[in-house]
Amino acid sequence: MLWIKAFHLVAVIAWFAGLFYLPRLFVYHTNATDQISIDRFKLMERRLFFGIMTPAAIVALALGLVMLFDYAWMAYKSMGWLHLKLTLVILLFGYHYYCWVCLKRFREDRNTHSSKFYRLFNELPTLLLVAIIIAAVVKPF
Ligand code: HEM
């Protein structure tokens, strides 16, 4: 199971690389005015989302579920940190889904949010990351 945990963490790191960088691309894309840059951002966003972020999220989820069903649910089901972690992970998937919604709007040139919105939006995964890591590693309650 330690191998599973190791690759769970590798996948989580790859997932977060995308969760941090995609909204950053949205900031630049919002400010872009020339067609060449706009087309380049569309391509970068699509490759990041479908080539890295989503596969990494699926691997992180699959390996997390393997550990959950193998031992973690039985061992920790009465502990609050596990429920908190799983709740925060559901929020993270909501964030991932909303990134996809924004990506589709950009692809169709229908974005309505400002670059300030995406700057603030970009902070959310950091907060979730800190909370999930503390819950999973410190297991404080
Ligand atoms: C996608 C859904 C996820 C599921 C189902 C899941 C499930 C699990 C399970 C069952 C374990 C083993 C728990 C233990 O032995 O202590 C684990 C370990 C861990 N997970 Fe996840 N996880 C998910 C996502 C994440 C995310 C998004 C992060 C980071 C932001 C994360 C960070 C960790 C860490 C750091 C450990 C190692 C804890 C330790 O051994 O001290 N997981 N995960």
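Modeller: Let us begin with an exposed residue: Asp109 has a relative accessible area of 56% and is therefore exposed, since exposed means over 50%. Please keep in mind that this is a predicted model, and that Asp109 is found in the loop between α3 and α4.

Biologist: What is the phi of Asp109 near?

Modeller: Phi of Asp109 is near 55°, which is a positive value in a residue other than glycine. Lys139 is another case, with a positive phi near 45°; Lys139 is found in the segment after α5 and, with a relative accessible area of 28%, is partly exposed.

Biologist: With which residue does Asp109 form a salt bridge?

Modeller: The general idea is that side chains of opposite charge can pair when their charged atoms come close. In this structure, Asp109 forms a salt bridge with Lys42, and the closest N and O atoms are 3.1 Å apart. This pair links distant parts of the chain, given that Lys42 is in helix α2 and Asp109 in the loop between α3 and α4, 67 residues apart. Lys42 has a relative accessibility of 17% and so counts as buried, the cut-off being under 20%, whereas Asp109 is exposed.

Biologist: How many salt bridges does the count come to?

Modeller: The count comes to two salt bridges.

Biologist: Which residues does Ile38 touch, if residues up to four places away in sequence are not counted?

Modeller: A list of contacts of this kind shows what surrounds a side chain. Ile38, which is found in helix α2 (residues 35-76), touches His29, Ala32, Thr33 and Asp109 when residues up to four places away in sequence are not counted. Ile38 is buried, with a relative accessible area of 14%. His29 belongs to helix α1 and counts as buried at 5% relative accessibility; with the same exclusion of residues up to four places away in sequence, His29 touches Ile38, Phe41, Lys42, Glu45 and Phe106.

Biologist: What separates the C-alpha atoms of Ile38 and Phe69?

Modeller: The C-alpha atoms of Ile38 and Phe69, which are 31 residues apart along the chain, are separated by 44 Å. For comparison with the overall dimensions, the C-alpha trace of the chain spans about 55 × 25 × 20 Å along its principal axes.

Biologist: Is Asn122 buried or exposed?

Modeller: Asn122 is buried, with a relative accessible area of 11%, and its place is in the loop between α4 (115-121) and α5. Leaving out residues up to four places away in sequence, Asn122 touches Leu19, Phe20, Pro23, Arg24 and Tyr95.

Biologist: Which residues make the nonpolar surface patch?

Modeller: Val130, Ile133, Ile134, Val137 and Val138 make a nonpolar surface patch of about 450 Å². Val138 is found in helix α5 (residues 124-138) and is exposed, with a relative accessible area of 54%.

Biologist: How many helices and strands are there in the chain?

Modeller: The chain has five helices and zero strands, so that from the N terminus on its elements run α-α-α-α-α. Buried residues make up 37% of the 141 residues, and the chain exposes about 8400 Å², of which carbon and sulfur atoms supply 72%. Among contacts between residues at least 6 apart in sequence, 77% join residues at least 24 apart.

Notes. Residues numbered from 1 in each chain as written. Predicted model: local features only at pLDDT ≥ 70, side-chain atom pairs only at ≥ 80, totals over all residues. Heavy atoms only, no water. Patch = residues over 30% accessible without salt bridge, like charges linked within 9 Å, V, L, I, M, F, W, Y side chains within 5 Å. Areas by Shrake-Rupley, 256 points an atom, 1.4 Å probe, with all protein chains shown as cover. Salt bridge = Lys/Arg side-chain N within 4 Å of Asp/Glu carboxyl O. Helix = DSSP H or I, 4+ residues; strand = E, 2+ residues; numbered from the N terminus. Buried < 20%, exposed > 50% of the residue type's maximum accessible area, 1.4 Å probe, protein only. Contact = heavy atoms within 4.5 Å.
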